[in-house]
Every structure is written in C-alpha cells, then in structure tokens.
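Okay, thanks for coming, everyone. Let me put the model up and walk you through a few spots in it.

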Amino acid sequence: MATLKELVLRESPITGGHRACAGCGFPQIIRIVLMAAKDPVVVIAATGCLEVTTTIYPYSAWNVPFLHNAFENAAATASGVEAAYEALLRKGKLKGKINVVAFGGDGGTYDIGFQSLSGAMERGHNLLYVCYNNEGYMNTGVQRSGATPRGASTTTEPAGKVRQGKVRPRKDLTAIMAAHDLPYVAQASVGYYMDLLKKAEKAFSIEGPKFLNVLQPCRLGWPYKPELTFELGRLAVQTAIWPLYEVENGKWKLTMKPREKKPITEFMKHQDRFRHLFRPGNEELLADLQTEVDRNWQTLLEKCLPAGQAGGEGGSK
Amino acid sequence: MPTAAKTGNEAMAEAMRQINPDVVAAYPITPATEIVMIFASFVADGLVDTEYIPVESEHSAMSACVGASAAGARVMTGTSSQGLALMYEILPIASALRLPIIMSDVNRALSGPINIHCDHSDTMAARDFGWIQIFSENAQEAYDNLIQAVRIAEHPKVKLPTMVTTDGFIISHCLEKIEILEDAQAKQFVGERKAEVSLLDVEHPVTLGALDLPDYYFEHKLQVAEAMRQASQHILEIAKEFEQQTGRKYDLIENYKLDDAEIAIVALGSTAGTTKAVVDELRSKGVKAGLLKIRVFRPFPAEALAKALANVAAVAVLDRADSYSAQGGPVYTEISSALYGKTKAPKLINYVYGLGGRDVTIDDIRGVFSDLQKIDKMPTFNYFGVRE
Ligand SMILES: Cc1ncc(C[n+]2csc(CCOP(=O)(O)OP(=O)(O)O)c2C)c(N)n1
Ligand code: SF4
Ligand SMILES: [Mg+2]
C-alpha cells in the first residue's frame with residue numbers, strides 16, 4: 001500500500017478551487033480513490049453535487065478525462081466507455097491499461113440509478129463504481145433518498161409535529177451489491193482515508209466489476225460544524241452505524257473493529273438532521289434506532305471472518 | 001452486386017455486420033428485436049469484432065452508446081416505440097455532445113394503449129432532439145440509408161447522431177429482394193471513425209458534459225442547430241458518392257411523377273410505395289397525380305419541398321402520427337411553415353392515418369387523390385381509415 005508520504009507526491013486528479021462547500025467530504029474520496037490507481041483513469045460521474053461543483057463550464061477541476069451524462073446512468077455510461085476501451089484495444093487503436101471509474105451520489109446509485117448499476121455490475125464490466133454517499137439528494141436541497149437513515153429529517157420527509165423524519169430504514173446497498181457476487185465490494189468512510197486507499201488499491205488490482213460505498217458527511221444536509229467532517233466519518237464507524245468491511249469473492253471481512261462501540265447518539269448529536277430526536281418524547285425512537293444498529297452490527301459480525309482475522313483498528317488509522 | 005432476400009430487419013442487421021461497429025448496445029423490443037438478435041448471432045459466430053453490450057434497458061443502451069462514442073468508438077444501437085421513448089432523456093445529450101451514434105429505429109405506435117404495430121408517433125416525438133432522421137420506403141432503402149448514416153453522422157462538419165427508420169412489420173418483417181454491397185466495398189465506403197476528442201486520450205484529458213449555465217448553454221445549442229443546417233449538403237454529397245458505387249440515387253426528398261403533377265401526396269416511409277402504385281394507376285387514366293416522399297425529416301428539407309411543390313395545385317400531407325395540437329400532424333405543420341410566404345404554393349390538406357398499424361390500402365390512397373380533385377370542398381384536417 002502507498003504511504004502518506006508517497007501519496008502526497010502523486011498528482012491530484014482534481015484541482016482546488018472547485019465549488020464544493022467548505023468541509024465537503026467528497027473531494028477527499030475523489031483524491032484518495034483515484035490516487036490509488038497505478039494506471040491512468042477516466043472518470044464518469046452522475047448528476048449531483050460532485051459533478052456540478054467540479055465542472056462549471058468553461059472551468060473544470062479535473063486533471064483526468066471526465067464525462068458526465070445524466071443522473072441515473074453513470075454505470076451504464078461507464079459500461080459503454082469500458083466496452084469502447086476493450087474494442088479499441090483489440091483493434092490496436094489504443095495501448096496501455098486504463099481504469100474506468102464511475103462516481104455516483106446515493107441518489108444516483110441507491111435510487112434512480114439502481115437499475116443501471118445492477119445491470120452494469122451483472123454484465124461484468126471491468127470498472128470501479130464509487131458511491132459517494134451523503135445520505136440524501138444534496139445538490140437539489142437535501143431531499144430524502146433510499147440511503148437516508150431512519151429518523152433523519154430531510155426536505156421531502158421532514159420532522160414535524162407528528163412525524164420524526166424518515167420513517168423507514170435505509171436499504172443496505174453494499175449487501176445488495178455483494179449479492180451480485182462481484183469480485184470486490186467494500187464499505188468505507190471519509191474519516192478513515194488509509195482504509196479507503198487500501199480498498200481502492202485492492203479494487204484496482206482486481207479485474208471485473210467493483211463497488212465501493214463511501215460514507216460522506218455533507219455540510220448542507222447533515223448540518224454540522226465544518227471542522228467535524230473527518231470526525232463524523234469516524235464516529236459513524238465507531239458507533240457501528242457505518243461499519244467498515246469488504247466482501248472479496250463472497251468472503252466478508254471487517255476491516256476495522258471499533259475498540260469500544262460508541263452509542264449512536266455520539267454520531268447524531270453533532271448533526272441538525274437528527275436534532276428533533278433529542279427532544280423529550282423521542283426517547284423510545286432513539287432507543288429503537290440503537291437496537292436497530294446493534295442488530296445490524298451483530299448480523300454483520302456473523303457474516304464476517306472471526307475477529308482475529310479482521311484488520312483491526314491498527315490498519316485503519 | 002450481390003442480391004439477397006432480406007426483411008427490413010435482416011437488411012439492417014446485414015448493414016451492421018458490414019459496418020462492424022466498435023460497440024453495439026441494444027435491448028429487444030418488437031418489431032426491432034430481430035436486428036439485435038441477428039447481430040448477437042454475428043457476435044457469437046465471430047463475424048464482427050464488436051463489443052456488444054446486452055444492456056438491461058434502452059435507457060442504458062443509449063447511455064452506454066454515449067459513453068462509448070465519447071470514448072472515440074463507432075457505436076450503433078436499434079430500438080422502437082417504448083424503447084425509443086425510454087431513450088428520450090439521453091437523445092439530446094448525445095446530440096449536444098456531438099456524438100455520431102447510429103440507430104436503426106423501427107417505427108411503432110407509442111403506448112397507450114399498448115400496440116406493437118406501425119405508426120410514426122415514436123419517431124416524431126423524437127424529432128426535436130438534434131438527431132438526423134432518415135425514413136426508408138423499403139428494405140433496400142433501409143440498408144442503403146444505414147450504410148450512408150455512418151458517413152453522415154461522422155462527417156466532421158455534421159457530428160450528429162443519426163436514426164434510420166423503417167416501418168414496423170410493413171418493412172421490418174417483409175421479405176424483399178435487395179442488393180447488398182460487397183463486404184470490402186461497404187468497409188471502404190464507411191471507413192474508420194476519426195474522433196476529434198476522445199475520453200480515452202489520457203494524455204489530453206477533456207471534461208465532457210459540464211454544467212452549462214445561462215452564459216454558455218445557448219451558444220452550445222446554437223452549434224447543434226448550425227450543424228443541422230450544414231447537414232443537408234453533406235447528406236447530398238454522401239448520397240452522390242453512394243450512387244457512384246451502387247447506381248442507386250438518393251436525395252433529401254424523392255419526387256415521383258411530380259414535375260407536371262396537379263395533385264400530389266406527401267408521405268414518408270412505406271406509404272410512399274403504396275402511393276406510387278396509385279399514382280401510376282391514375283396516370284394511366286390521364287390524371288396528373290404525383291408523390292413527394294420525404295426521406296430526410298431532420299434536417300427538414302424545407303427549401304427543396306417548397307420548390308418541388310410550387311407548381312402543384314393541391315397537396316395532401318399524410319401524417320402517420322398525430323401531434324394532438326388540434327392543428328394537424330407534425331409533417332403537415334412543417335410543410336405549411338415551409339410554404340409560408342411563398343408566392344407559388346399549393347392548397348394543402350392534412351390526413352392523419354394508419355395509427356397503431358391500421359392498414360393503408362390502395363383504396364385509401366385513391367380516396368385521398370379524389371378528395372384532392374375537389375380540394376375546395378375539403379376541410380383542412382382529415383383522417384382516413386378510421387371509424388368515426
Ligand atoms: C431524471 C432526473 N431527475 C431528477 C433530477 C434532479 N436531480 C439532480 S441531482 C439530484 C440529486 C442528487 O442526489 P445524489 O445522487 O445523492 O447526489 P448529491 O447531490 O447528494 O451529491 C436530483 C434529484 C435530474 N437531474 N434528473
Ligand atoms: S451540499 Fe454537501 S455534498 Fe454538496 S458540496 Fe456541499 S457539502 Fe458537499
Ligand atoms: Mg447524495
């Protein structure tokens with residue numbers, strides 16, 4: 001694995017000066033994932049914050065080839081790019097290895113782009129799909145998505161006098177992608193960048209369809225203090241709200257086991273989207289959410305290799 | 001030149017085999033399914049070197065085509081009706097990115113109610129997306145048009161996606177004797193795609209599909225409009241070159257016994273064939289009837305049309321789609337605007353006909369010509385072949 005020292009010497013795939021909010025989590029995802037590639041990359045992105053903030057014509061923050069098509073079709077578009085690469089390589093019109101990487105927000109991945117993703121992965125294209133998951137449609141003003149956690153307030157499922165934000169839990173897309181029997185599926189989080197780097201490096205070393213689901217704190221949609229981006233990415237993991245694991249050829253493995261599993265409120269208390277849950281009367285709902293996280297954590301532990309074989313926190317600092 | 005018995009679908013698949021595109025992404029839908037099926041068998045038998053993407057939907061087919069074309073590949077697809085409708089969102093993206101994607105489009109009625117037979121509602125609804133649209137009268141034209149479409153779409157002054165249409169079942173499933181180019185001749189005619197920019201040129205990274213705000217969007221759209229304006233002359237040049245190879249002559253429109261015609265029909269696709277038979281019959285009886293067939297609907301050949309119709313007294317425009325504007329079908333509207341302000345122009349009436357595969361008979365066309373002989377008594381907007 002590349003060390004931090006090596007990493008800082010590599011050319012960044014994106015420049016500064018893009019228009020993402022101060023403290024936004026996804027520029028780091030772009031950097032870490034793409035800098036993990038030994039060979040050149042081409043990027044395909046879905047409509048969403050990542051795309052609009054980095055490519056306002058006539059400016060572009062991208063130092064690598066970049067294509068945006070529409071909202072729900074990053075995976076299908078990437079499959080076309082990959083097919084073109086294979087065809088042109090075979091016909092001798094191109095030389096050398098190129099990695100095809102698609103980025104989609106949770107809306108473009110869990111919801112409207114789900115079919116496109118599932119189809120591309122099932123067809124087995126040699127590409128890496130990265131969901132930068134900020135748990136809502138942030139670009140269009142914080143609407144709920146299939147990735148929004150239960151209890152979170154969004155503009156289309158807000159907390160009100162009788163409703164306490166999102167009613168249903170989010171869907172477990174990482175597990176759904178693992179059920180596609182892909183060679184590599186992993187969950188990562190913005191605060192644990194060496195873990196993300198390791199996963200991206202592994203993904204690039206494997207032929208076939210790969211999927212990374214990276215939790216990304218969003219300043220606008222989660223409202224929190226800008227300096228807390230990394231902290232929140234870490235707390236999501238330490239509370240087991242967003243466990244770090246990978247599924248390689250059907251084998252599930254935790255890549256970080258929190259030394260001490262923190263209560264979910266440690267993660268939630270910093271964010272305005274959960275503020276209503278701390279009001280009197282919502283104690284039961286909060287307890288319920290904790291039970292849900294505990295249950296999911298237990299299920300995941302049962303799927304994973306024995307703890308001794310897991311990475312342990314040491315590898316993920 | 002070799003001849004073969006081919007249905008419209010087989011003729012288009014054969015053209016695709018000879019074109020040997022880098023990438024094909026397609027999804028099955030009646031009556032276009034066979035094109036995909038036959039092409040998949042070419043892939044399975046190693047007759048083409050194409051990367052074939054059996055996508056999970058037409059939306060993904062067009063999305064993959066955009067990706068592959070942006071990556072510099074020669075790309076083809078095929079679809080119909082609901083499939084085309086599922087692609088609508090991506091069609092103007094393909095033209096805005098100036099991607100020369102080539103599509104065989106088998107005209108079929110849009111749902112609802114669901115129906116699998118021919119009309120032009122699917123293709124007409126796609127007329128304003130910056131795609132070149134070419135209609136075919138029979139399997140021979142379908143083959144010829146598809147071969148030429150590669151050159152048209154990829155012409156450096158055009159760079160616009162292009163769809164070649166046939167009429168569902170009437171052409172797609174009807175067996176005809178057609179002439180086919182030798183493989184080598186076809187290969188030479190279509191040549192290789194030379195993309196000016198490619199996503200896979202990692203030495204020269206480009207950003208494609210950027211967010212275009214009010215300060216640039218308009219200029220970029222203007223370029224598509226300008227390319228469409230330029231396209232006509234290049235379509236004609238390519239047709240000339242094709243004629244030199246095959247002896248088969250193509251234009252933007254086809255005038256059939258129109259020079260001295262007093263009454264005429266304007267039609268697209270297979271109905272033009274039916275109309276020619278009636279024109280011949282009327283001519284033998286001394287009636288000066290004619291036909292104007294529109295081959296290229298986008299760009300719309302307004303000047304050529306106005307000129308060709310200038311000396312005709314009465315013209316019926318046949319629309320195999322309604323636009324529900326309460327002002328006639330789309331072809332009628334285009335032709336009336338093409339004739340607007342011209343000092344010499346025919347009287348025009350409109351017929352919407354043949355929706356959902358309603359049969360178009362010789363008698364129907366005879367009826368239209370007899371209406372034209374009393375055009376002063378006719379309402380502007382008419383139907384034929386429908387129970388009212
Ligand atoms: C077909 C379609 N529907 C809706 C939209 C509007 N839209 C653009 S981005 C977006 C939300 C994006 O959410 P997500 O994928 O989570 O990315 P984020 O903005 O959060 O980064 C929506 C609803 C669109 N562009 N296209
Ligand atoms: S709204 Fe959220 S995801 Fe979008 S740029 Fe701002 S912090 Fe990043
Ligand atoms: Mg989002």
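I'll start with a ligand shell, then go to a helix pair and the domains.

Housekeeping first: this is a predicted model, where local features need pLDDT of at least 70, side-chain atom pairs count only at pLDDT 80 or more, and totals for chains, interfaces and linings use all residues. Residues are numbered from 1 along each chain as its sequence is written, chains are lettered from A and ligands numbered from 1 in the order written, and side-chain values use heavy atoms, leaving out hydrogens and water.

So, what sits around ligand 2? Among the residues there are A:Cys21, A:Cys24, A:Phe26, A:Asn134 and A:Arg219, where being near takes a heavy atom within 4 Å. By class, that shell has seven nonpolar, two polar and one charged residues; Ala, Val, Leu, Ile, Met, Phe, Trp, Tyr, Cys and Pro count as nonpolar, Asp, Glu, Lys and Arg as charged, and the others, Gly among them, as polar.

Over to chain B. Helices α1 (residues 8–19) and α2 (residues 33–44) of chain B are DSSP runs of H or I, at least four residues. Their axes, lines fitted to C-alpha atoms over the stretch in contact, with angles from 0 to 180 degrees between N-to-C directions, come within 9 Å and cross at roughly 40°. The contact (heavy atoms within 4.5 Å) includes B:Met12 and B:Met16 of α1(B) and B:Phe39 and B:Phe42 of α2(B).

Last, chain B is divided into domain 1 (3–246) and domain 2 (253–384), with bounds from an automatic or database domain assignment.

Note on methods
Helices (H or I, at least four residues) and strands (E, at least two) are DSSP runs, numbered from the N terminus.
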